[in-house]
Amino acid sequence: MVTLLGGAEIRELAARLNVNPTKKLGQNFVTDPNTIRRIVQAAKLSGNETVVEIGPGLGSLTLGLLEAAAAVIAVEIDPRLAAELPATVARHAAGTNFQLIVQDALTIEQLPSAPDALVANLPYNISVPVLLHFLQTFASIRSGLVLVQAEVAHRLVATPGGKEYGVPSAKLAWYGSSSLAGNIGRNIFWPVPNVDSALVYFSRHDEPLGTSALRKATFAAIDAGFSQRRKTLRQALATWAGSPAAAEAKIVAAGLNPQSRAEELSIHDFVSLAKVV
Ligand code: SAM
């Protein structure tokens with residue numbers, strides 16, 4: 001049987017370990033078991049998955065995941081927190097399948113087994129790059145649920161045509177579809193952050209949109225297009241293509257309007273542009 005961490009035990013753990021949560025590592029720990037249950041439920045696990053968790057911290061979400069998944073692989077950068085985690089799991093979730101890796105999740109290239117899902121309360125300052133790194137590096141990840149700043153959540157799930165649509169939205173759309181899965185208030189975190197948070201669910205496309213080379217070319221087009229998002233594509237892509245005229249030729253060859261702006265292009269439009277290059 002798995003039991004979750006309550007607020008009192010988290011405070012006791014933190015005091016005993018002398019944890020001073022750092023902003024640099026985005027350390028805001030979930031102190032409320034009901035929120036953990038909500039997060040785990042929103043991840044839509046069947047019970048058979050190997051889940052990878054980025055940043056287990058004191059283990060709040062880890063325990064919820066161990067209750068709902070076949071196995072959990074956790075990747076934590078902070079050695080003090082990592083050192084305590086096996087004991088917390090032994091106390092609250094004995095007999096479950098748990099592996100811990102003490103490493104920087106931004107640069108990790110290998111895991112002990114192939115994860116089916118990614119579920120994490122992501123460190124705020126690296127939430128988008130670490131999510132994209134995992135989707136890129138671990139092709140076995142079919143779906144996932146991440147807790148991020150509300151503003152980032154809205155950017156991740158945004159569709160073409162609005163102010164929130166940008167590089168994170170277009171790049172996440174390369175890998176799969178995404179949707180908001182609820183808001184999370186500030187007060188369930190310790191320390192309490194000064195921004196709101198939200199859940200994002202994602203599911204990988206059944207078939208990849210293209211090869212790794214096409215992905216790189218598409219991401220270069222996305223970066224170039226949004227580097228000057230108020231300008232027309234013809235202007236924004238001039239450096240990327242060599243000149244405004246070369247940009248216009250490529251945009252037309254891709255079947256797009258040189259007077260449109262990056263924020264109007266779907267991931268499929270960016271792929272068309274990349275294919276022309
Ligand atoms: N999962 C815990 C929870 O929900 O209470 C903690 C989440 S806290 C927002 C983020 C966690 O990510 C912290 O434990 C922090 O030490 C860890 N972290 C920060 N940067 C990291 C990195 N580059 N690689 C792995 N873990 C990281």
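**A ligand and its pocket**

Hi everyone, let's start with the ligand: one of its nitrogen atoms is 2.8 Å from an N or O atom in the side chain of Asp104. That is a polar contact, meaning a pair of N or O atoms within 3.5 Å. This is a predicted model, where local features need pLDDT of at least 70, side-chain atom pairs count only at pLDDT 80 or more, and totals for chains, interfaces and linings use all residues. Residues are numbered from 1 along each chain as its sequence is written, and side-chain values use heavy atoms, with hydrogens and water left out.

For Gln27, a polar side-chain atom lies 2.9 Å from a ligand oxygen, and for Asn121, an N or O atom of the side chain is 2.9 Å from a ligand oxygen. How much of the ligand's accessible area does the protein cover? The answer is 98% of the 590 Å² that the ligand has on its own, using the Shrake-Rupley method with a 1.4 Å probe.

Now the shell around it. There are 23 residues around the ligand, and Val30, Gly55, Glu76, Asp104 and Ala105 come nearest; here, near means a heavy atom within 4 Å. By type, the shell has 11 nonpolar, 8 polar and 4 charged residues, with Gly counted among the polar ones. Strands S1 (29–30) and S3 (71–76) each supply at least two shell residues; strands are DSSP runs of E with at least two residues, and helices are runs of H or I with at least four.

Which space does the ligand take? It is the largest pocket, where a molecule sits in a pocket if more than half of its atoms lie within 2 Å of the grid points. A pocket is an open set of points on a 1 Å grid over the protein atoms alone, with protein on both sides within 12 Å along at least five of seven lines, and lining residues have an atom within 4 Å of a point. About 420 Å³ of space lies in this pocket. Its lining holds 30 residues, with Leu25, Gly26, Gly55, Glu76 and Pro123 nearest the centre. Strand S2 (50–54) and helix H3 (60–68) are among the elements giving two or more residues to that lining.

How values were computed: Polar contact = N/O pair within 3.5 Å; in protein donor to acceptor, adjacent residues only side chain to side chain. 1 Å grid on protein atoms, 1.4 Å probe; cavity = no way out; pocket = protein on both sides within 12 Å on 5 of 7 lines; lining within 4 Å. Points joined across faces, edges and corners; volume = space filled by probe spheres on them.
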